[in-house]
Amino acid sequence: MQDPIISIEGLHKVYDSGFTALADVDLEIQRGEIFALLGPNGAGKTTLISAICGLVRQTSGKIAVDGHDTLEDFRKARGMIGLVPQEVSLEPFEKVLNTIRFSRGLFGKPADESHLESILRELSLWDKRDSRTSQLSGGMQRRVLIAKALAHEPEILFLDEPTAGVDVELRKAMWDTVNRLRERGVTIILTTHYIEEAEAMADRIGIISKGRILLVENKKDLMARLGGKQMTIELVEPVDTIPDNLAPFGLGRSEDGHELIYDYDTTADRSGIASLLSAISSEGLKVKDVHTRQSSLEDIFVGLLHEDGAS
Amino acid sequence: MNFHAIASIYRFEMSRFFRTIGQSVVSPVLSTSLYFVVFGAAIGSRIQEVDGLDYGAFIVPGLIMLTILTQSVSNAAFGIYFPKFIGTIYEVLSAPISFVEIVIGYVGAAATKSFLIGVIIYITANFFVDLPVSHPFWMLAFMLLTCISFALFGFIIGIWAENFEQLQLVPLLVITPLAFLGGAFYSLSMLPPVWQTISLFNPVVYLISGFRWAFFDQADVPVVASLLAVAAFMLLCLGAIALIFRTGWKIRA
């Protein structure tokens, strides 16, 4: 195991209102990975990011960025981080290039026009460098936020709901940008509501609910471990009830009786498919079609939240 | 010290000033000219001299003080309130900079703007009246100290304010009345004794008196008292800002 680039121990955040946003959070983010933090609204995703970035004061616990404590050694810790916030917040009357220059300077970096040019070109904003940010479309404004976050060449990039409210084309373009950044060694932490986003990009998934981390796991392992398969057997003639000799298989039945549904575990020694099909045949039921479906991350996510009583 | 960050904030804030350079310059020149028309020509023709000075010249230090007080407070309050209002404050708060650097950047820019406006008013006034400066160094020093200390005060108001109405509240209801009652257009010696004593509780009296001394070598209160008043006010504001950043009041949840 590599040494983590972000290490969080016993993080607790209680707002002045008394609301506990984070409860005893322990989390390690590995260098160079894409980590997706999933959770329903109000789960604590943004508070967690804000605490790491210094926007929210932690009530207790420790956060270290590449070994630098975010409170005692905040300059080094924050200097490594770029943050793309959830809301589009830009100085409306400022020009794109100026606002990016400002961001770079704010992080203590000397002017580097060629670096800023390369960022703007990569995000297809170079032609808009002299436009005021208020004149840009919503998608372009989101890209300006990314450009601002990248202006000081951070090693860690936080993307808080980066594709909320953007169209499919822009979302794919953002995924490409994120993948290119990862190839350069940038560690990326993203929060998202879009399960497909996490499924498409993340190396590891963290699920947070009610301020607690419910699970952190490698995406592939998670899907293999929790992701069961489902087989749907379409029948030529509907059945009113499931025949007695099929009861041991724990089948489900569609409302119209045309389909039998069988859940099975791909990691088990025997899936039971052959014996099920044989039992169906001996029962005299005629099969029209059979298809299978892998559980998505969304199914896993919803299942976990149900277990936690969050939804 | 993160000098790049200070310079970035300073430049960014100053660019706002230069974006609206027309109104930044025209407005104080116009209002100063109006004051000269009203107080200098209309009323001044009936008040020939105050403390042995031509009334038109007498009001200049008070006029400059009145403007730089309100400008310092308004500029600094807006400078920090606007990023809070539109949400861009996240960038400043997540950057590797201390509160001292944030304050130097924002307050420095606000103080520079009001200092420049003060200079513009001084130049404009020279077109209307003969304006000797007895202590040029102290004139600049008083102006600078006032710009900085009231910009610090404005910075606090900008952090405190939750809407644009609150942002205007203190400059309109506190600063302007105090400046008008602080001897901008009259000498304290012209007031009845009771009001002279009451006026000594107005901090702006010390600023205007000290500033007028720098011009005409005449003061309502001792110059040392004026300097101590500015210094005390500045320290008070710095202390309050340090406390704000330590507790995160209104800026960090």
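Is A:Glu94 buried or exposed? In this predicted model, A:Glu94 counts as buried, because its relative accessibility is 4% and the cut-off for a buried residue is under 20%. Its salt-bridge partner is B:Arg19, with the closest N and O atoms 3.0 Å apart. B:Arg19 belongs to helix H1 of chain B, whereas A:Glu94 sits in the loop between E6 and helix H3 (96-106) of chain A, so the pair joins two chains.

The contact between the chains involves 33 residues of chain A and 27 of chain B. About 2,700 Å² is buried between chain B and chain A, with carbon and sulfur atoms contributing 58% of this area. On the chain B side, the residues that lose the most area to chain A are B:Phe12, B:Tyr90 and B:Pro96, which together make up 26% of what that side buries. The two chains are connected by 5 salt bridges. One of the salt bridges found in the model pairs A:Arg75 with B:Glu101, at a distance of 2.9 Å between the closest N and O atoms. Polar contacts across the interface of chain B and chain A number 12 residue pairs. Three helices of chain B, namely H1 (3-19), H3 (55-86) and H4 (89-93), each supply at least two residues of the side that touches chain A. Of the elements on that side, H1(B) gives the most, with 8 residues. By class, the side of chain B that touches chain A consists of 12 nonpolar, 10 polar and 5 charged residues.

Over all chains, the count of salt bridges is 16. Within chain A, the side chains of A:Arg204 and A:Glu33 form one of them, with an N to O distance of 2.8 Å. This pair links distant parts of the chain, 171 residues apart: A:Arg204 is in strand E9 (residues 204-209), and A:Glu33 is in the loop between strand E2 (20-30) and strand E3 (34-38). Both A:Arg204 and A:Glu33 are buried. A salt bridge also joins the side chains of A:Glu122 and A:Arg184, at 2.7 Å from N to O. Because A:Glu122 lies in helix H4 (residues 113-122) and A:Arg184 in the loop between helix H6 (168-183) and strand E8 (187-192), the pair ties together parts of chain A that are 62 residues apart in sequence. A:Glu122 is partly exposed, with a relative accessible area of 28%, while A:Arg184 is exposed, at 54%.

Buried elements of chain A were also examined. In strand E6 (residues 81-84), A:Ile81 and A:Leu83 point one way and A:Gly82 and A:Val84 the other, and all are buried. E6(A) pairs in the parallel sense with strand E7 (residues 156-160) over 4 bridges, and the bridge partner of A:Gly82 in E7(A) is A:Leu157. Helix H1 (residues 45-53) of chain A is mostly covered, with 8 of its 9 residues buried. Among the buried residues of H1(A) are A:Leu48, A:Ile49 and A:Ile52, as well as A:Lys45. A:Gly54 follows H1(A) and has a positive phi, near 90°.

Conventions:
Residues are numbered from 1 along each chain as its sequence is written. Chains are lettered from A and ligands numbered from 1 in the order in which they are written. This is a predicted model: local features need pLDDT of at least 70, side-chain atom pairs count only at pLDDT 80 or more; totals for chains, interfaces and linings use all residues. Side-chain values use heavy atoms; hydrogens and water are left out. Contact means heavy atoms within 4.5 Å. Buried area is the accessible area (1.4 Å probe) that two parts lose on being put together, summed over both. A salt bridge is a side-chain nitrogen of Lys or Arg within 4 Å of a carboxyl oxygen of Asp or Glu. A polar contact is a pair of N or O atoms within 3.5 Å; within protein, one must be able to donate a hydrogen and the other to accept it, and residues adjacent in sequence count only if both atoms are side-chain atoms. Ala, Val, Leu, Ile, Met, Phe, Trp, Tyr, Cys and Pro count as nonpolar, Asp, Glu, Lys and Arg as charged, and the others, Gly among them, as polar. Buried means under 20% relative accessible area, exposed over 50%, partly exposed in between (1.4 Å probe, protein chains only). Two strands pair if DSSP finds at least two bridges between them.
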